[in-house]
Amino acid sequence: MTRPLFNKSLEDLTDMVTRNFGNAAELDLVRRELAYRNTDGARRLLGGVEQRIATLRDAEPKPAKPNSAPPAPRHPQMRQWTDQAVAKLRARLIDLSRKSPLIAFKHTSRSASQLRFVDERPDLLFEQLNTGSVGFEPLPGEEQTPADERTPTFGLAYERARLTDAEFLAATEQLGDAEGDVRAWQDAERGLRARVRQQLGLPKLDYGKGLDVVALARAHGFDPSYDLRMSDEGDVAAHQEDDRIRVLLTRKELDRRLKSIDDRATSHLRETGHHTLHLAFGFVQWFEDDASDVASHAPLLLLPVKLAKDEGRAKRDYRLSHWEGGLEVNVALIEKARQHWNLELPALRENETPESYFIRVKAVLAQGRRLTLRPFVTLSVLPPMILWRDLDPDKWDDGAFAVHRLLPGLLGAAEVAGVDGDDSVIDIDDPAHAARVPALITDADASQHKAIMDMAAGRDMAIEGPPGTGKSQTITNMIATALSQGKRVLFVAEKQAALRVVSERLRAAGFGPLLLELHGDKASRAEVYAGLRERINAVPRLDVRALEEKRTELRRHRDVLRRYLALVRTSLGKIGLTAHALAWREIRLRTLFDRDQIRAVEAHWQSNGVAELDPATLQENREILAQFGKALLATQTGNGGSATRWTLAGKLNPFDQSSALAAATTAGAAAADVAEVAARLAALGVVVPAPDDAAISEASEQLSALALFTCADERIVGAALHHREACLEILAAQDEWHKQRAEIANDLDRPEMVSVATAQALADALRVDHFPQTPADARAALARYERLGRSLAGASRDLERLADKLSAAMGTATGKAQMVARTLAELGQASPAISALLSNNLIEPASESVIAAGTGEAAALLAEREVVVAAMQGDALTTEPAELDALADTIESTGALARLFSGSYKAAWRRAGRLCRDTSDRARVADDLRRAASHLRARRQFNAECKARALFPALLWNGLDSDFRSLSAARALVMEAAA
């Protein structure tokens, strides 16, 4: 048993107990360490720790068993069925056909995912990889003299040919030391060397496109055969013991090939977490049958390796080194030999070398038909067989698959016990569920809360959802909840990206020391040790008081929100509708009327009795309004109706006709009284005009003016009776005198004391030279004077309001007040778009240049955006610029061969096809991607750094789509007002 705390002192352990007094898992680690110590202090601390652990475990709520249905009875053959189902699944994980590279590996010189070695010894190469890293030795180029030309024989023949070869002498006779003659000298010497090689019987060397690598290899002392010799066959050359592996590629081709292999292996590791780069030692050559002439080659031994550039060297060439794990036999080949050839390949012995295993395998292959061991050594990307090995029954306890709680049911070997399918969403903010709701480290909605709570209760589940629905953050919360319960969690995923997302979120939340990554590019021994070291040295930091304060604040905010939701959802009055429903009803109704209509309704609306309004009354009012609407439409001439005097009454209140009805009742009563009096007068011989006669008003006034005779003088009474017209004139004059006196009394206390001469002088001063020619002109003039009076009254009110805003108040000069009023009027008549942008900042002198600069930059960016939109799809404008640049670099820098085989290039080209409208030209696609990336960066920089942004209200700033034209108009208006 390991002791992670063996180096901790008793004081350190006591401190750990104090910090983790409520964490049973941490206390259990301390308990295990104290069990090894025999001091009195350690024993006392051990007793206290054990007591505290027991208390914590007793206080833990027992999780409910949602899968509480009784287990289905086990069938006697369930174990057999389970093992058979696992065996079938395992068989599907291994491909024994010629499609599998582990069974029929295709060696091709043009393949970008493999590299074959020559002129090496397998055991020596294996030993070098186990002790360090090795580099690569490519074929020399044309500038390096081949080994077969460095012999005395070739040297003598070459010097003789320089003196006697007619073609060489003719080509160089006219050449001098000029710069243009250098290439001619080189061509002549190259031709001379080729003729000398031909005379001596040496292989022909052609450094053009038709390069013969075999001839070049032999010329430089390379053995071009892929069948490597064993270490005990002949003398071992010096280059076979160095740290460089010979290949049949030039330096440029080698670098390109190694980069392609490394990119493919790295891509597999990042996407799937599987290491796929292997060095294959030996290949078994086999044929489909006795009549077949197509040979297939299956790798025999596989060694995990890795490629990396040597940062410590100037050239930074690729180096090959051993990866985690050791030499292993190709499991696919083992199954192929067992199932198809009835052969059992031997197992590797401890510390066995490739050549030793070759000897034993040859003996086994000799028992088959047409089976040969070829001592090839090839570097390639090969699929691992991890799952196939994991399902090997020999690696599990006897019957382990059958006794698993879920596996037999999932495989169909047993009935699945009844599972509660409760997917209802609970109110996580309800205090009744507070004990069940776990603490979260990322956001979660109600359904995600329910899933986390079911997991914490031990319920089995499967969660499905499209990308972007929060599955990763739900998994993050589940892991954090399980860790808070003292549990251990194994998280597996098909893609390395899924593991990385959850890992990064947990580390961001402070769970880094509790994570141990055992998969992917961090699965090396050093990374695992580093993770364990981080866990042992981790010191939790907890501020209980601050945490409790935050929780209290959270509960307070939660209660406020719950109260708000409760109020919004509460039914109001007798109508039974909630505030939420009424608010949306009001919003919908406002869209049906214009602003003036809404203001008219609000001016006459009375909210009295709203709380007592019930649905029946509301429906009744709706029906009345519907009838009123139909009647109103019927009175409109445009709808074929005829207007009535009621419809002509434009000032009637549409919501309250009580005052109008009362006035109509009073008028009706007065009409009845008039009719009665008319009847009585008719009996006395006095005819009263009809109601539609214009004289009715005069008659009514005369009758109203009659009073009981109070004069006792018969002459006066007689004159009134017999000289009616003269009396009327006298009465009219008297009435006019009273009116004039009343009007003059408004200006004079005692008008009767004014002399006639004074009155005549005032009349002369007020005499008007021009009089209306007709009553119509008089009425028009009267209307103008009335309007003028109203305007003067309104001007008086406006002047009082304006005086409050002026520094000199009512003492302000009329001219200045007029200018202020005119300026305010102009500002008030501005369009809404300009009015919204008016501010004091526009008065600043620098604002003009800022607006001009912002307008120019926005116009340029808008023009550039039009160009980008014409070349790119809409998604391009929402893509990160770094991604667009990376796509452009990949598409532009990938060579012709890599474009055929590189997975990263194909992925980049597919992505570019979704972003670009025209993908016919690769260079143009790269230019379009870079142009889009540049535009996105410029747009972001404009949004963040544009100085004109400070002149816009926050709600009206829309980056380069902001209304700069209205802003310029607003500044012009402000500057005009300021002037």
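Which strand is Leu279 found in? Leu279 belongs to strand 4, residues 277-287 (strands are DSSP E runs of at least two residues, numbered from the N terminus).

## Ground rules

This is a predicted model, where local features need pLDDT of at least 70 and side-chain atom pairs count only at pLDDT 80 or more, while totals for chains, interfaces and linings use all residues. Residues are numbered from 1 along each chain as its sequence is written, and side-chain values use heavy atoms, with hydrogens and water left out.

## Around Leu279

Leu279 is buried, at a relative accessible area of 0% (buried is under 20%, exposed over 50%, partly exposed in between, with a 1.4 Å probe and protein chains only). Its contacts (heavy atoms within 4.5 Å), leaving aside neighbours within four places in sequence, include Phe117, Leu320 and Val377.

Leu279 and Leu115 are 164 residues apart along the chain, yet their C-alpha atoms are separated by 9.5 Å. Both are among the residues touching the most other members of the largest nonpolar core, which has 61 residues (a core is a set of buried Ala, Val, Leu, Ile, Met, Phe, Trp, Tyr and Cys joined through side-chain atoms within 4.5 Å).

## Rings and charges

Now for the aromatics: there are twelve aromatic pairs (Phe, Tyr and Trp rings, six-membered for Trp, with centres within 6.5 Å; planes under 30 degrees apart are stacked, over 60 edge-to-face, the rest tilted). Trp396 and Phe401 have ring centres 5.5 Å apart and planes at 50 degrees, so this pair is tilted.

Arg116 puts its charged end over the ring of Tyr226, 3.8 Å from the centre (CZ of Arg or NZ of Lys within 6 Å of the ring centre and within 35 degrees of the ring normal).

Key:
Helices (H or I, at least four residues) and strands (E, at least two) are DSSP runs, numbered from the N terminus.
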